[in-house]
Amino acid sequence: MSVSIASTTRCCARALRTSPRPLFAPQSTICPYQRRTPPSRRHESTSAAPTNPKIATIVDQISQLTLLETADLVSNLKSKLNIPDLPMGGFASGPAAAAAPPPPAEEEEAAPAAQEKTLFTLTLKSFDASAKPKIIKEIKAMLGLSLVESKKFVEGAPKMMKEGVPKEEGEKIVETMKGLGGVVGMD
C-alpha cells in the first residue's frame, strides 16, 4: 500500500491541530505514517562531545555580535595572527578581480626598480648527470620532500626551488648546489 506525501502531511497536520497531546507522543497516537526520532536521539552529535567552558563562552559572545562587529573581529584576528587576505572564491575573474585597484603610475614603478632587490627566487636550472644522487639528497634535505618527490623534482629541471629567499641564504644555496654539480639561478 502506498500513501502519497500530500495525504500523509494532511493526516499529520490534522492530528496535530486537533490533538491536545504532547508532540512526542507514541507514533501510533499522532499519525500512523509519521516517523519521529525520539527526543533523546536528536542531538547526539552535539551532546556527545564535551566542550571547554572557555570556548563555549567565547562562542556565545561571538554569536551575539553584529555583522559589523564580526567583520571588525575578523580583521583584528587576521592582523594579530598574521593571516594574509586571500580571496575565498575559486575564480580570479569574479567580483574580487573587478574590484582590484588600478595599476600604479609609472613613477611608482620606477622607484622600486631603483632599490636593491632583497628577496629572490631560486631555480634549479640543470645538473651534472654524475652528480644526480647528491643533488637529489640535497633537494630532499632542503625542501623537506620524500626521496621519490625529490627525484621527480630534480628530473623535472628547470624547476623553481624556493621563493622569497633573502640574498645571503640564496647565495649559500647557490654555492652549495654549485659544489655538488648543480646550476641554480637567483632571480
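Colleague: What makes helix 9 and helix 11 roughly antiparallel to each other?

Modeller: This is a predicted model, and in it the axes of helix 9 and helix 11 cross at roughly 155°. Angles over 145 degrees count as roughly antiparallel, so this pair of helices gets that name. The two axes come within 9 Å, and the crossing is right-handed.

Colleague: Which residues make the contact between helix 9 and helix 11?

Modeller: Helix 9 supplies Lys134, Ile135, Glu138, Ile139 and Met142. From helix 11 come Ile173, Thr176, Met177 and Leu180. Six of the contact residues are nonpolar, one is polar and two are charged.

Colleague: How do you know that strand 1 and strand 2 pair?

Modeller: Pairing needs at least two bridges, and strand 1 (residues 119–127) and strand 2 have five, in the antiparallel sense. Phe120 stands opposite Val165 in strand 2.

Colleague: What is the order of the strands in the sheet, and which are the edge strands?

Modeller: The sheet is open, with three strands in the order 2-1-3 and antiparallel pairing. Strand 2 (159–166) and strand 3 (182–186) are the edge strands, since each pairs on one side only. From one strand to the next, the twist averages 25°.

Colleague: Where do the helices lie on the sheet?

Modeller: Helix 9 (residues 132–143) lies across strand 1, strand 2 and strand 3, at about 45° to strand 2. Helix 11 (residues 167–180) packs on the sheet too and touches strand 1, strand 2 and strand 3, with its direction at about 145° to that of strand 2.

Notes: Residues are numbered from 1 along each chain as its sequence is written. This is a predicted model: local features need pLDDT of at least 70, side-chain atom pairs count only at pLDDT 80 or more; totals for chains, interfaces and linings use all residues. Side-chain values use heavy atoms; hydrogens and water are left out. Helices (H or I, at least four residues) and strands (E, at least two) are DSSP runs, numbered from the N terminus. Axes are lines fitted to C-alpha atoms, for helices over the stretch in contact, and angles run from 0 to 180 degrees between N-to-C directions. Contact means heavy atoms within 4.5 Å. Angles under 35 degrees count as roughly parallel, over 145 as roughly antiparallel, 65 to 115 as roughly perpendicular and the rest as oblique. A crossing is left-handed if the near helix is turned anticlockwise from the far one by less than a right angle, and right-handed if clockwise. Ala, Val, Leu, Ile, Met, Phe, Trp, Tyr, Cys and Pro count as nonpolar, Asp, Glu, Lys and Arg as charged, and the others, Gly among them, as polar.
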